[in-house]
Amino acid sequence: MDYPLLITPLTVAVVMAAGAVAGGLGALLGIGGGVFLVPFLNSVIGLPIKIAVATSLMTVIATSSVVSVSTVGRNLINLRLGMLLEVASAAGGVAAGLTFHALSDEMLFLWFALVTGVIAVMVLSRLDRRNILAATVDPGRLGGRYYEDESGCEVVYRVKRLPVALGVSALAGVVSGSLGIGGGILKVPLLNAWCGVPLRAAAATSALMIGVTAAASAPMQYANHYIQPPLAAAAVLGVLAGSRCGLWFGGRAKARWLKLLLAAVLAIVSLVHFAKLL
Amino acid sequence: MTPPPDALARLEAHVGRLFVAGVSVSSAMLAAGLALFLFAPDQPAASQLLNAGLLVLMATPMLRVLVSVVEYVRMGDWFFASTTLAVIAELSVTVWSALRLRG
């Protein structure tokens, strides 16, 4: 078997452990594990950035499936909104998949730093916003309602500013295919902050969407040999194990703490990538 | 128009079962392939299992979209059936391009 990289049992074990940690944090925050996994595979293990991105993209698909199974039956996934936004996010994913080969590493680092930095600031500025209407309000065609364990109430919401949500979903698709970070990292804060979707519903809907979004570019990364099967397998298996732990903990954590943790993680990731460019 | 809650719940249940099946099959293949890669690297089955597992993983969300089209058509919800078809068209572009590159 011939792989362009030397893949030892130690590399496999480290990638699997990194996948588990990334999957746990990703499931907890509803953003996929890629935002942690890509910097780790690139900076710590020393994989070329494009291989790190493609490996991570496979874990995004796995995370999406596992997280979606866990939220089925709780009305948290907004299937109609998700499907509509997928038209935009898959288009972004396809565009990124087709152009990934031509992007430079420096371009990818700058892009990563900018995206994560902007979102960290956005999440922090809206920590206490709830986006919940009275239970009697009609949620409209795209809105939704679900029962929230934390408050013991039925949560009803309407979707606002749909064109903004579509635009950001397209951008999230590009981010997903070019950075391997799911794209939920963009959609969750934005659906929450600008479009009126509560954080838990935004996270569950986004988790469903990121699988299709990643699948819109992953076949191209695979065809271009950026996906190394043993490394991708190790990362996926690690992420699957980690996601289950993250979900268990996430069901018990308060929304405010989830937002603070999300902002802190994004800020660190952003600074690390700006530092790489210096 | 708001769809009947039982129809959406049925779609959600189908989607859930599909994800469980896709993740179980792909992770079993990846685990077996990885074990062979580590302990019997000369076996061609290692590479075959790893690649098959990755392909099943990529196909799972695509199948979810196909299942959704069927359900939206059954609900008579043509707006969402057509948005779902648009996603399938986009995914087809990627799969076709990848097949051309590999083939």
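The model is predicted: local features need pLDDT of at least 70, side-chain atom pairs count only at pLDDT 80 or more, and totals for chains, interfaces and linings use all residues. Residues are numbered from 1 along each chain as its sequence is written, chains are lettered from A and ligands numbered from 1 in the order in which they are written, and side-chain values use heavy atoms, with hydrogens and water left out.

## Chain A as a whole

Chain A holds 11 helices and two strands. Helices (H or I, at least four residues) and strands (E, at least two) are DSSP runs, numbered from the N terminus. In order from the N terminus, the elements of chain A are α-α-α-α-α-β-β-α-α-α-α-α-α.

Of the 278 residues in chain A, 63% are buried. Buried means under 20% relative accessible area, exposed means over 50%, and partly exposed lies in between (1.4 Å probe, protein chains only). Among contacts in chain A with a separation of 6 or more, 78% join residues 24 or more positions apart. A contact means heavy atoms within 4.5 Å.

## Helix pairs between the chains

Two packed helices are described by the angle between their axes and the distance between the axes. Axes are lines fitted to C-alpha atoms, for helices over the stretch in contact, and angles run from 0 to 180 degrees between N-to-C directions.

In one pair, helix α4 (residues 79-99) of chain A meets helix α3 (residues 78-102) of chain B; their axes come within 9 Å and cross at roughly 20 degrees. α4(A) and α3(B) are therefore roughly parallel to each other. Angles under 35 degrees count as roughly parallel, over 145 as roughly antiparallel, 65 to 115 as roughly perpendicular and the rest as oblique. The crossing of α4(A) past α3(B) is left-handed. A crossing is left-handed if the near helix is turned anticlockwise from the far one by less than a right angle, and right-handed if clockwise.

On the side of α4(A), the residues in this contact include A:R80, A:M83, A:E86 and A:A90, and on the side of α3(B) they include B:F79, B:V87, B:E90 and B:S97. The residues of the contact of α4(A) with α3(B) comprise 12 nonpolar, four polar and three charged. Here Ala, Val, Leu, Ile, Met, Phe, Trp, Tyr, Cys and Pro count as nonpolar, Asp, Glu, Lys and Arg as charged, and the others, Gly among them, as polar.

In another pair, helix α8 (residues 199-215) of chain A packs with helix α2 (residues 44-75) of chain B at an angle of about 115 degrees, the axes being 8 Å apart. That makes α8(A) roughly perpendicular to α2(B). The crossing of α8(A) past α2(B) is left-handed. From α8(A), A:L208, A:M209, A:G211, A:V212 and A:A215 meet B:M58, B:P61, B:M62, B:R64 and B:V65 of α2(B). The contact of α8(A) with α2(B) has eight nonpolar residues, one polar and one charged.

## Buried residues

A:E86 belongs to helix α4 of chain A and is buried, with a relative accessible area of 0%. Leaving aside neighbours within four places in sequence, A:E86 is in contact with A:A91, A:L208, A:M209, A:V212, B:R64, B:V65, B:V87 and B:E90.

A:L81 also sits in helix α4 of chain A. A:L81 is buried, with a relative accessible area of 1%. A:G19 is found in helix α1 (residues 9-29) of chain A and is buried, at 0%. Apart from neighbours within four places in sequence, A:G19 is in contact with A:L37, A:A235, A:G238 and A:V239.

| Pair | Separation in sequence | C-alpha to C-alpha distance |
|---|---|---|
| A:L81 and A:T205 | 124 residues | 7.9 Å |
| A:G19 and A:V239 | 220 residues | 4.4 Å |

In chain B, B:S27 lies in helix α1 (residues 5-39). B:S27 is buried, with a relative accessible area of 16%. Apart from neighbours within four places in sequence, B:S27 is in contact with A:L237 and A:L240.

## Positive phi in loops

A:R161 is in the loop between β2 (153-157) and α6 (162-179) of chain A. Phi of A:R161 is near 50 degrees, a positive value in a residue other than glycine, and A:R161 is partly exposed at 49% relative accessibility.

A:H225 lies in the loop between α9 (218-223) and α10 (229-250) of chain A. Phi of A:H225 is near 65 degrees, a positive value in a residue other than glycine, and A:H225 is exposed, with a relative accessible area of 51%.
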